[in-house]
Amino acid sequence: MNDYFIVKAEEDGVNVIGMTRGAETKFNHLEKLDKGEIMIAQFTEHTAAVKIRGKATVHTKYGDISSE
Ligand code: TRP
């Protein structure tokens with residue numbers, strides 16, 4: 001839960017959407033990134049999953065992956 005991951009926007013208007021931990025999975029956070037911006041984040045007590053919409057590179061301890 002304490003690992004960091006990094007999202008780097010490769011275009012304007014990338015959405016980083018945090019989704020809740022627990023019985024119901026809901027959006028709890030929407031962050032908008034423009035091209036070149038990065039977000040360094042952790043999973044927390046409140047956030048168990050992240051949905052990324054738009055072109056971005058995601059760096060995790062499991063490796064790197066791109067969204068489109
Ligand atoms: N307030 C949220 C939380 O503590 C913020 C957050 C943490 C978040 N990790 C995130 C938002 C990852 C988006 C993506 O749970």
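Visitor: Which residues make up the largest nonpolar core here?
Guide: In this predicted model, the largest nonpolar core consists of seven residues, namely Val-7, Ala-9, Val-14, Val-16, Leu-33, Ile-52 and Ala-56.

Visitor: And which strands each supply at least two residues of this core?
Guide: Those are strand 1, which covers 4–9, and strand 2, which covers 14–20, each of them supplying at least two of the core residues.

Visitor: Take Ala-9, then; what does Ala-9 touch, not counting residues up to four places away in sequence?
Guide: With those residues set aside, Ala-9 touches Val-14, Leu-33 and Ala-56, and its list also includes Asp-34, Lys-35, Gly-36, Glu-37 and Gly-54. Val-14, Leu-33 and Ala-56 also belong to the largest nonpolar core.

Visitor: Where is Val-16, and is it buried or exposed?
Guide: Val-16 has its place in strand 2, and it counts as buried because 20 other C-beta atoms lie within 10 Å, where the cut-off for a buried residue is 20 or more.

Visitor: What is Val-16 in contact with, leaving aside its neighbours within four places in sequence?
Guide: Apart from those neighbours, Val-16 is in contact with Val-7, Glu-31, Leu-33, Met-39, Val-50 and Ile-52. As for Met-39, its C-alpha atom is separated from that of Val-16 by 8.8 Å, while the two residues are 23 residues apart along the chain.

Visitor: Switching to the ligand, which residues surround it?
Guide: The ligand is surrounded by Val-16, Gly-18, His-29, Glu-31, Ala-41, Gln-42, Thr-44, His-46, Thr-47 and Val-50. Strand 2, strand 3 (27–33), strand 4 (38–42) and strand 5 (47–53) are the elements that give two or more residues to this shell.

Visitor: How many of the shell residues are nonpolar, polar and charged?
Guide: The shell around the ligand divides into three nonpolar residues, six polar ones and one charged one.

Visitor: Let's step back to the whole chain; how many helices and strands are there?
Guide: The chain has zero helices and seven strands, so that its pattern, read along the sequence, is β-β-β-β-β-β-β.

Visitor: What does UniProt list for this chain?
Guide: An unreviewed UniProt entry lists residues 2–68 as "domain: Tryptophan RNA-binding attenuator protein". Over those residues the chain is 0% helix and 63% strand, with the end C-alpha atoms 27 Å apart.

Visitor: What is the radius of gyration, and what would a compact globule have?
Guide: The chain has a radius of gyration of 12 Å, which agrees with the value near 11 Å that a compact globule of 68 residues would have. Taken along the principal axes, the box filled by the C-alpha atoms is roughly 35 × 25 × 15 Å.

Visitor: How much of the chain counts as buried?
Guide: Of the 68 residues of the chain, 12% count as buried. Turning to contacts with a separation of 6 or more, 63% of them are accounted for by residues 24 or more positions apart.

Visitor: Now strand 6; what about Thr-57, which lies there?
Guide: Thr-57 lies in strand 6, which spans residues 56–60, and it is partly exposed because it has 15 other C-beta atoms within 10 Å. Leaving aside its neighbours within four places in sequence, Thr-57 is in contact with Lys-8, Glu-10, Asp-64 and Ser-66. The C-alpha atoms of Thr-57 and Lys-8 are separated by 5.2 Å, although these residues are 49 residues apart along the chain.

Visitor: And His-59, what does it touch beyond residues up to four places away?
Guide: His-59, also found in strand 6, touches Phe-5, Ile-6 and Asp-64 once those residues are not counted. With 15 C-beta neighbours inside 10 Å, His-59 counts as partly exposed. Asn-2 is 57 residues from His-59 in sequence and 15 Å from it in space, C-alpha to C-alpha.

Visitor: Last one: where is Ser-66, and why does it count as exposed?
Guide: Ser-66 is found in strand 7, residues 63–67, and it counts as exposed because it has 11 C-beta neighbours inside 10 Å, the cut-off being 12 or fewer.

Key. Residues are numbered from 1 along each chain as its sequence is written. This is a predicted model: local features need pLDDT of at least 70, side-chain atom pairs count only at pLDDT 80 or more; totals for chains, interfaces and linings use all residues. A nonpolar core is a set of buried Ala, Val, Leu, Ile, Met, Phe, Trp, Tyr and Cys residues joined through C-beta atoms within 7 Å. Helices (H or I, at least four residues) and strands (E, at least two) are DSSP runs, numbered from the N terminus. Two residues are in contact if their C-beta atoms, placed from the backbone, lie within 7 Å. A residue is near a molecule or strand if its C-beta atom, placed from the backbone, lies within 6 Å of it. Ala, Val, Leu, Ile, Met, Phe, Trp, Tyr, Cys and Pro count as nonpolar, Asp, Glu, Lys and Arg as charged, and the others, Gly among them, as polar. UniProt positions are given in the numbering used here, feature names are shortened, and annotations may be inferred rather than shown by experiment. The radius of gyration is taken over C-alpha atoms; the globule rule is 2.2 Å times the number of residues to the power 0.38.
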